Structure formats: structure tokens, C-alpha cells
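Subject: Structure for you to look at

Hello,

Here is the structure I promised to hand over. Please open it before reading on, and keep it on screen while you go through the notes.

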Amino acid sequence: MPERILYNLLQVGVVLAFAPLVEGITSRLKENLQSKRGPSIFQPYRDIWKLLHKDEIVSEYTSWIFRAAPYVAFTAPIFVALLIPVLTRYPLFFAFMGDMLGGGFVLALGGFFATLAAVDTANPYGPMGASRTRMVGFLAEPVFIVVFLTVSFVAGSTIPYIVQTRWVTPIANFFEPSHVLLMIAFLMLILAEDGRIPVDSPSGQFELAMIDRSRLLEYSGRGAALMKWAGAMKFFVLIIIFLNVLVTPWGLAQGMGLGEVLLAIPLVLLKVFGFILVLVYIESSLAKLRLFRITEFLGAAFVICVVAMITRLSEI
Amino acid sequence: MNSTAYPVIFALDALTGALFLLTAIGVVATRQVLASLQLFILQSLLLTLSAVLLGVALGSVHLFAVAAITIATKTLLIPWLLRRTVSSEVYRTREIERVLNIPSSLLIAAALVVLAYVVANPLLRAVEVPFAQINLPLGLAAMFLGVFTVAVRREAVSQSSQTCRSSLSSPPPSMCRSLPWSSAC
Amino acid sequence: MELAAVLVIPALASVLSLSPLGRRFAAPITLAASAIVLVLVAGVAEEAARTGRVDALDEWLTCDGLGALVLLLVAFVGLTASLFSWGYIRVEHGGGGKEQHYYGLFNLFVMSMLAVPVLANVALMWVAVELTTLLSAFLVGFEDTPEALEAAWKYVVLTTLGAVLALLGFLILYWGSRVAGFEPFTWVGLGEAAPHMPPALLWPAFLLILVGFGTKVGLVPMHTWLPDAHSQAPAAICALLSGVETTTVLYVILRLFPVIGVAPGLDARPWFVGFGLLSVAIATLLLIYVRDFKRLFAFSTVEHMGIILVAAGLGGAEAHLGAAYQMTGHAIAKSFCFFAAGVAVIAAGTQEIGAVRGLVRSSPLAAMALVAGGIAIAGAPPFAIFVSEFLILKAGIASGHYVTVGLLGLFVVVAFCAVMLHINKMAFGTPGSDGSIVAGLPLPSALARPPLSCKATLALAAIPLLVIGVHVPAPLQNLLMAAARAMGG
């Protein structure tokens, strides 16, 4: 029993500690793929450290939302990290506190506050980016819901640990048509939700074209550090959900020993690294879509997950 | 269903079927003539692979013949003919002119896949045949998507590749696969 | 043996037409081949009517009453069309390469149409139907105008998609017959297997084949390719397409009717009557507003296909006899109409109804042929279609389908009025003074006078047209009754 609480907190610690690393590795690999040297993989840590030690400037035309948003956005992925299988296959202490839909709502809460905060300022680029984020968000919602519902219907439960046991643990399920299609649909969803190419350019500085990065525009000092970290953690949490719940449970600890759980950390990170390789390849080979073509992109994701749902449910 | 009889082949066949359907949806969603032609070639390769897998599993020579014909006509002959008769400039620069915009087409495509499963369900319930569980609905879906895509294109070039797709191979092999043709006429 | 010869001779004629020998003799070769085929087919038909079935080549080829009727009609229209083409193609396209291509395709097209009622294996029969589409597509686009090419493209795409649906239906039928445990995939085998097939397989197969091949027959709402294809082709090809090709595909659908009939709990009749009435209704409405006289005859084809389907759906020996008689009358009258239209196109130089007035003054032959064909196809006495439609209506009333008969009668009358209105205006109207292109003036060039072979064709085709309505010779009567028996199952 105490181990479960310990492992749960260990999970949160892993998410907190390694999220900026994942972000750093992604940017470095992308540059490497384009034959450039790229920044150090620990650069996001240095950025967060620097920002935490700077002064914060807050516009006097903002309300409490602007000041609260970084904290809400920071804690949302932490809550979700309590619920999902990051290191272990068996449910931990807080596992039954919320299911996947609950986790999705909490993540959406963080994003919602960030959007509100962007509208809260009088900066013209803030609301523009916020409305675009909402457009991408509402088109992505059906995909989320259909994916979660399909997987839960098959598993008979909405708790991520149980879904993972019933959905991916039998290895024969890996090649099912619905499995492949759901993976592809969720991958397109991650690209959309996290603002990767082809939906948005994560390294672009041009405010008129920003979709997701615009929420960081007005923040400075501690707020900026928390928002950056929160963004990195949301990305990491989404990848973990994708890999551990939907793709394969490889690398997760089976037993209760501390050594096993600690061993799971590098194995899971290795899995994440493999995913980042695929992601970077996709990002380097596509171009950013024009704004209203994003609807087609997400429409295709929706169709794919509906097809996956039909394929799986008709076999029952 | 017989997934226990040939587990590996069943799994690979299911994977091929899923990718096949994915390319069919991709053709509905793509904008460029060249991309749709490439997706068509990819789809033909997947169809050939599926026919080969089923031929190995069911031990039927007819299916290997189907695979050979598919490779020869759909993957090699038809794209070559299309490239030759239509100038390469069309393929490089042309966007597909369509009657319906892409999100609506995608929604109708999703509805057609659902329809294919609904149509195939009573047929599958009536008879138990190995591999039909996966292949029959996917073949029907690909055929419906082909007919739909022909209906919403404005020009002959993109229509012709779709007609080939829907009429030449997709329903016959997927049904032939499901039937024990080995002792057929 | 004759059945095999019936298929081999047109193929041989096609090869000869494409060879260097065909450069000068393609047309006579085709005509000779068609005549030989007609003689052979007449023998086969007589034997089928007498004995019930003709088999050949170890039962790969078979022919019963209904098949023999279709075979006879195809052979006859093939003969008249080849005679008509001789002069028409020579005048319109000159001799040499293009003419050779025409005759090569023509012979193969006729062969594929002859193959449909004769091949015993249902899958091979589907292949033959597909071949008719593919071969006739090139013939439809023969004139090389943009309209002709568009018509050919629409034809190919729509009918191929329909054939794909029908293929799926046939494959499901094959699946069902294997499940029921019957081996031979022939119409006879299907008839034996149908009571044992699970209805969940038989019913979707029937619907798929009805819709899929209904596209090729021209049933509404899948008829949109038909007016274009049947009006843009050269006149002899139009005669073949409208007169017998749609009938051949309708034969396949009619063959399915007894197969469904023996299956317990399934009723195909409402579907036949529904599709048939819809086709007749829409065709009649379109006939009123038509602007091109070849399209007029094409819409009339849709209407008659609908009538035949309704007759088959009404059920009963008399209705089926009416349907068989209607098929015969339609093939003869429609081909005659298209020959008349071809002559009128030569005489007037245009296909528009509004531009042709007073044809009787400039080309009496074209006018007389058009009027005779129009009356025959619209269903006036003393022509065959009147008798067959009367039979069908009588059978409908006797079996109690008052609503169907009432609607059918109404549409037939409206169609009659529409057709006669347009034909009258063209043949007897006075040339307008509003400056439209009129055909009142005689054209001095050689193009205005129809070639000799066209006139000979009109004379030849007029003989059965005038005779069948009044007196049906005994062998033909036997054949029609055998065909009706085969339809009823």
C-alpha cells in the first residue's frame, strides 16, 4: 500500500523532471535531421531556470485569470499524470480517482485557462491565437471522444490501467485493423493538440501565424517558466497516454519491487525516444497547413477513428 | 473466424486491410492528382499483398494468379498508361477539381464505411468463412468509396483512376479470398 | 454446334475486317457474316422452341426459349444494322482505316451480345455483358466530336460502376450456391439452389444485380447516360444499342426472376413493378421536353424497358407472353426508328427537332420512315407494340393490379402523344419564318440523298415491322410462348 503511493508520486516526479528533456530532444533531433547542429538537449531546463529568476511584469488591464492561469496550466498535467500508467502496469493509489474522460477534461481545463488568459490581455495576437486554438480544439474533441469511447467499450472500463490491460496487452491485438487506425488517428491528434507541424510551427516567431505559442506571448518571469513547463508536460503526458495505453505496454513494470519500477524509467524513456524519432521525421517531411486546411486534416483523423470504431465494434 | 488456425496470417491480413482502407480514405482527402495516383499504386500493392497472404493460408493457386494480375495491371500497367496519355504537367501542378469540399466528402466517406459494415453484417452472419470477417466489409467499403469518389470528381483524369480502383480488383479479390475457389469451376 | 458457330463467325468477320482484305471488303464481309448468323440462329430458335433447350460444347453453351428469342432479335438487328452501316459509314467517314476499325468493333460487339444468352456459366455471362459495354463505348465515341466523347465517357463510367455492383451480386450468389451445396454456377443450377440458399444472401444479391444491371438497361434513376450515348453514336450503332443491347441486359435481370421466385418468403415482383413504373413515368415526362430526335427515341427505349419490367413483375403466363412480344416488337420497331433517324440526319443535316420542319417535302423517304417508326414505337395499331401493350394491360386487369395498369395506361398514352407531336412537327410542319435553319429547301449535294444500302435497310426492316403486328408466324408464336414459360419459371 505505501509502495503504491510512493510509485504514484514517483510517476509525477518523472513527468515533472523529464518533460523539458523530451522537448529539448525533439528540437535538437529536428535540427539534426536538417543537417544543423541544434541547441543542447538540456536547453529547456536552462530556460526555465533563467525565467524563474527573472522579474515578472503583469499588465494592469488583466484580471485574476491572467495570474492564475500558469498555476492551473501547470497542475493540470500533474493531475493527469496521477491517473495514467507511466511506470507500472498495475493500478496505483490514485488510479481510480478519475478515468480517461476525466483526465481529458482536466487537460482541457488547463488549456481553457491558458486560452482565457491569452484573451485577457489587450495584446491583439493573444485573442487571435486563442480563437485558432479553440478551432483546432473543437475539431479535435470528437476524435478524442471517439478514440476513448471505442477503447473503453472494448475494455469494458474507462480507467486507463484496465484499458491498457484489455486493449494492448494481448499481443495479437497489435495488428488489428482498428488498433492501427486508432494509433494513426491519435497520432494526428497529438500533432494537432500540441501544435506540431503540419498544424502549427513550434519554432516559428511570427505572431500572425501562431496558433498555440501565442498563449506564451504576454508572460514573463515565473509565469513564463510555469507555462513553458506546463506545455512540455502536456506534450509528455499525451505521448505517455498514446504509448502506454494505446500502443504497447512494453517497458512497464510488472512487479512491486522498487528496482523494477526504477528500471521502468529508462525503458519508458526509450519508448518515448522512439516515438520522438517518428514525430521528428513526420515534422521534417511535411509543410505547415494553411489555416482552413486544418479542418480537412482533423476531418481525416475523425473519419479514421470512426472507421476504427466500426471495425472493432462490428466484430463483437 | 478461425483466427486460431492461422494467427500470424490473420493478423497480417488484418493489418493490410486496415492500411488498404486508410489509403482509400486518403484518396478522398487528397488534393493533388499526383498524390492520388501514388495512393492508388500503394493501395494496389496492399491488395496484392493481401491476396498473397490469403493464397498462402488457403493454399489456393487462383489467389496467386489474382495477385499476379493485380500487380501487372493495377500497379504497373494502369499508372503507366495514365502517365503516358496525360501530360506530366497535369500531374505536377493540377489540383483535383471536385464537386464537394473535402470535410463533407470525408464525412460521407465515414458514412459509407459504416454502410459497408451494415451491409456486410447479415451476409457474414449467414455464413461462416475464414477471413471473410475482415475482408468482405473492407472490400465493400473500398468499392463504395470508389463509386463515391468518381461521382464527386469533375474531370476525367481523376475519375479514370478511381473507376479502375473500384471496378478492377477490389470487390472480386476480397470476395474471392473469402470463397474457397480452389475447387471452383 | 450451331451455337458455337454463332459465336465464332462474327469473331472471324472482325478479324477479316481488320486484316488487309478488309480495306475494301469490310462491309460485305460483315453483311455476309450477319446473314449466316441469322440463318443459324433461326435454326437454333426453332429447335429451342420445339424441344425446350439446346446445348452445345459439353454444356458450356446453352439456350432455352427466352435465350433463343433474344438471340434471334440480336441476329436480326445485327443484319439490318450491318446493311445500314455499309452505306452510312461509307458516306460519313469514307473508306479505309476508320471504316475497318468500325467493322472490327461492330463484329466483336455483335459477338458479345450473342454470347450473353448463350453462355451457360453465369460468371462468363457477366464478362460478356462487360464486353458489350467496352466494345460499344468505342463505337459510341466514333464520331469524335466533344459531345460524342463525353457521351462515351459517361456511358463507360456509369455502366462499369453498375457492372461492379452486379458482379458483387453474382459473387454473393455463387457464395450462396456453394453454401447450399450445388456445384454448377449456371442459371439452371441457381434455380435448383435457390430454395436452399439463406435468404440473407439471396436478397442482397438480387438487389445488387437489379440496380447494377439496371444501370445498363437504363432504368430510372440510373438512366442518365442513356440519352447521350444512344444519340451520339452513329445511327446503326444506336439501333443496336437501343434495340437489342438493353434488351440483352434486361434478359439477365428477367432470368433472375424465377430464381427468386422459387425461394420461399422473398418477393421480387413489387421491385420490378416499382422500377418499371418509375422508368416509364420519368421517360414519359422527358419525352415531352426533348429537343433532339435521336434522344427522343432513346427516351422511348427507357419507357419500353420499363414496360417490359412491369409486365414481368405482374406475373402470370399472359403478362409474360406480353413481355416477350413487347421485346420482339420493340427491337424491330426501335431499330427501324433509328434507321429512319439516320436517314433523316443525312437529309436534314441536323439532329434538332426544332430545326427540322416539313421533311416530307425535301426527303419523302425520311419523312415516311420517321412517321412509320414513330407510330410503331409509340404503340398505335396495326403495329406489334400496340398488341403487346394491350396484352400486358389486359393481363394486369385480369390479375387485379388496377393501380399499376391505370398508371401504365396513362403514361403510355401521354408518351404516344408526345412522340407523335414531335414527329408530326418534323415531318409535316411548315418551315418557320423566324430565320431558323430549316430543311424545306432541297440540298443538291450527294450528302442529302441517303445511300442505296440505307434505303434497302429501311425496306428490309419494314417487312417484319408491318407483318408482326397483324400476323405472327407459327414458329415465332411457339418461340414467344417458350420464352414466356422460361420467364415464369
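This is a predicted model: local features need pLDDT of at least 70, side-chain atom pairs count only at pLDDT 80 or more; totals for chains, interfaces and linings use all residues.

**How the chains meet**

Two pairs of chains are in contact, and of these, chains B and C share the most contacts. Chain A and chain C are not joined by any contact. The closest C-alpha atoms of chain A and chain C lie 17 Å apart.

The size of an interface is often stated as the accessible area that is lost when the parts come together. For chain A and chain B, the buried area is about 1800 Å², with 79% of it on carbon and sulfur atoms. On the chain A side, F175(A), E296(A) and V303(A) supply 28% of the area that chain A buries against chain B, which is more than any other three residues supply.

**Chain B as a whole**

Chain B has eight helices and zero strands. Of the 185 residues in chain B, 57% are buried. Counting the contacts in chain B with a separation of 6 or more, 74% are between residues 24 or more positions apart.

**Two local spots**

In chain A, look at helix α6 (residues 160-167). Its buried residues are P160(A), Y161(A), V163(A), Q164(A) and W167(A). These cover an arc of only 165 degrees around the axis, so they lie on the same side of α6(A).

In chain C, look at N107(C), which is placed in helix α4 (residues 97-118) of chain C. Is N107(C) buried or exposed? N107(C) has a relative accessible area of 3% and is buried, because the cut-off for buried is under 20%. Leaving out residues up to four places away in sequence, N107(C) touches P10(C), A13(C), S14(C), S17(C) and T30(C).

**Salt bridges within chains**

Side chains of opposite charge can pair when their charged atoms come close. Over all chains, the structure holds 16 salt bridges. A few of them are described here.

In chain A, the side chains of D194(A) and R196(A) meet in a salt bridge, at 3.2 Å from N to O. D194(A) counts as buried at 6% relative accessibility, and R196(A) counts as buried at 2%. D194(A) and R196(A) also belong to a network of salt bridges that links them with E23(A), K30(A) and E283(A).

In chain C, K216(C) forms a salt bridge with E245(C), and the closest N and O atoms are 3.0 Å apart. This pair links distant parts of the chain, with K216(C) in helix α8 (residues 199-217) of chain C and E245(C) in helix α10 (residues 235-261) of chain C, 29 residues apart. K216(C) counts as buried at 0% relative accessibility, as does E245(C) at 1%.

Another salt bridge in chain C is the one in which the side chains of R295(C) and D228(C) meet, at 2.7 Å from N to O. R295(C) lies in helix α12 (residues 293-314) of chain C and D228(C) in helix α9 (residues 226-232) of chain C, so the pair ties together parts that are 67 residues apart in sequence. How do the two ends stand in accessibility? R295(C) counts as partly exposed at 26% relative accessibility, whereas D228(C) counts as buried at 16%.

Regards

Note on methods: Residues are numbered from 1 along each chain as its sequence is written. Chains are lettered from A and ligands numbered from 1 in the order in which they are written. Side-chain values use heavy atoms; hydrogens and water are left out. Buried area is the accessible area (1.4 Å probe) that two parts lose on being put together, summed over both. Buried means under 20% relative accessible area, exposed over 50%, partly exposed in between (1.4 Å probe, protein chains only). Helices (H or I, at least four residues) and strands (E, at least two) are DSSP runs, numbered from the N terminus. The arc is that of the directions from the helix axis to the C-beta atoms. Contact means heavy atoms within 4.5 Å. A salt bridge is a side-chain nitrogen of Lys or Arg within 4 Å of a carboxyl oxygen of Asp or Glu.
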